[in-house]
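Me: I have a structure open here and want to talk it through. Can you start with the overall picture and then go to single residues?

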Amino acid sequence: MILRRLVLSATSNSNLTRTQPLSVSATRLLSSSPDRHTPSGYDAKLARLTHKDWLAPNEVLKIFETVKDPTFLIPAYRHYSKRKDYQPTEPLYALLINKLGHAKMFDEIEHLVKALTLEEKRCRFSEGFFYSLMKVYGNSAGRINKAIEILFSMPEFGCWPSAKSFNFILNLLVKAKLFDEIREIFVSAPKLGVEIDGCCLNILIKGLCESGNLGAALHLLDEFPKLKSRPNVMTFSPLLRGFCNKGEFEEAFRLLERMEKEGIEPDAITFNILISGLRRKGRVEEGVEVMERMKVRGCQPNSGTYQEVLYGLLDKKRNLEAGEMMWKMVSWGMRPSFLSYKKMVLGLCETKDAAEVDWVLKQMVSHGFVPKTGMWWKVVGCVVVKNKDSQEVLDRIIDRQETSG
């Protein structure tokens, strides 16, 4: 009903009556769209729309497919809708919306959708069409409310949403951190004829974790058997991250044990969440133990794993171990981050290890990173400064250089 109200409002302003043909109403409605994109003339490839030859729907589709300038689309569609052989089809609407979406002409899409509503009796639309439209509104246009309106308007077109469309909207709300709206959408599932599935529960758990409601997220784990579904790694990852962020590592490790008991194999991302959480709380040694544990379980650490361990070693100024880890990463074809190189260089400069500094700088440059001025001053200080007083003077010069830069 939401789209219908929008259409009735627009048509009442255009002095339309119910006795007019639907295509004429749609044409009038399209003619009220913004003129800021309207070109002075049509593309030459659209000339066939002015001919009197009868055009089949597939021929019309080919004509619009060749249009490169999106500003021609709405004027051309207006012209086509006035022809006697005008026939609205899902492929044509999908093509127009896709092209307008890529051109970020979202206001024009609004008017096209209103015209589409007036054509509902002449054209059938599939869920795939509405799903693509919701993606344009939600991902490209950032108009989440419009995407929600489309979801609830689908039954008016005789098309009921599946869990795929429903879950897309839920995930959209989680990404936008619109946690209050999630419950309102979730309780509407029966009204829309949607059966809740495991994917839906995963999205809800992620949303609850990100909103800080870990207790409610844990309770949702008990809902999986009721749906004859099983949780997976994606179910547990946001829970682990939530408990690690709060420093509740005992609960996090209990979840890891639960995963193993339920036959869910933790992947590298799962272990990386734990290692990162431990590192941020200064528990570096435990993070190293987790890395060794994942190896024993047959889960191969990835570059993210080694990077987190490297950060931990650098934070604790364990330069020798950090250097060994960095050497391993480089020899295995991995690329340490700019921040880890920076921390390594500054740490070695403090211990006046010029030889190691030289190696790290060479690796840094070979990976495409450019040391900044402040770092070069530290390197110079490591190599040429011989006493404490001179080092303090150099530090003051560096501070001024970085402040002005």
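Surface and fold

Reply: This is a predicted model. The protein's accessible surface is about 21,100 Å², and carbon and sulfur atoms hold 53% of that.

Me: How many helices and strands does the protein have?

Reply: There are 23 helices and 0 strands.

Me: And what share of the residues counts as buried?

Reply: The protein has 405 residues, and 47% of them count as buried.

Me: What about contacts between residues at least 6 apart in sequence: what share joins residues at least 24 apart?

Reply: For those contacts the share is 65%.

Me: Back to the surface. Which residues gather in a patch of positive charge?

Reply: The patch is formed by Lys175, Lys206, Arg241, Arg280 and Lys281.

Me: Where is Arg241 found?

Reply: Arg241 sits in helix α14, which covers residues 233-245.

Me: Why does Arg241 count as partly exposed?

Reply: Its relative accessibility is 39%. Partly exposed runs between the buried limit, under 20%, and the exposed one, over 50%, so Arg241 at 39% falls in the middle class.

Me: New topic: Gln307. Which helix does Gln307 lie in?

Reply: Helix α18, residues 303-315.

Me: Is Gln307 buried or exposed?

Reply: Gln307 is buried, because its relative accessible area is 11% and buried means under 20%.

Me: Leaving out residues up to four places away in sequence, what does Gln307 touch?

Reply: Gln307 touches Met329, Arg335, Pro336, Ser337 and Ser340.

Conventions. Residues numbered from 1 in each chain as written. Predicted model: local features only at pLDDT ≥ 70, side-chain atom pairs only at ≥ 80, totals over all residues. Heavy atoms only, no water. Patch = residues over 30% accessible without salt bridge, like charges linked within 9 Å, V, L, I, M, F, W, Y side chains within 5 Å. Areas by Shrake-Rupley, 256 points an atom, 1.4 Å probe, with all protein chains shown as cover. Salt bridge = Lys/Arg side-chain N within 4 Å of Asp/Glu carboxyl O. Lys, Arg positive; Asp, Glu negative; His and termini not counted. Charge placed at Lys NZ, Arg CZ, Asp CG, Glu CD. Helix = DSSP H or I, 4+ residues; strand = E, 2+ residues; numbered from the N terminus. Buried < 20%, exposed > 50% of the residue type's maximum accessible area, 1.4 Å probe, protein only. Contact = heavy atoms within 4.5 Å.
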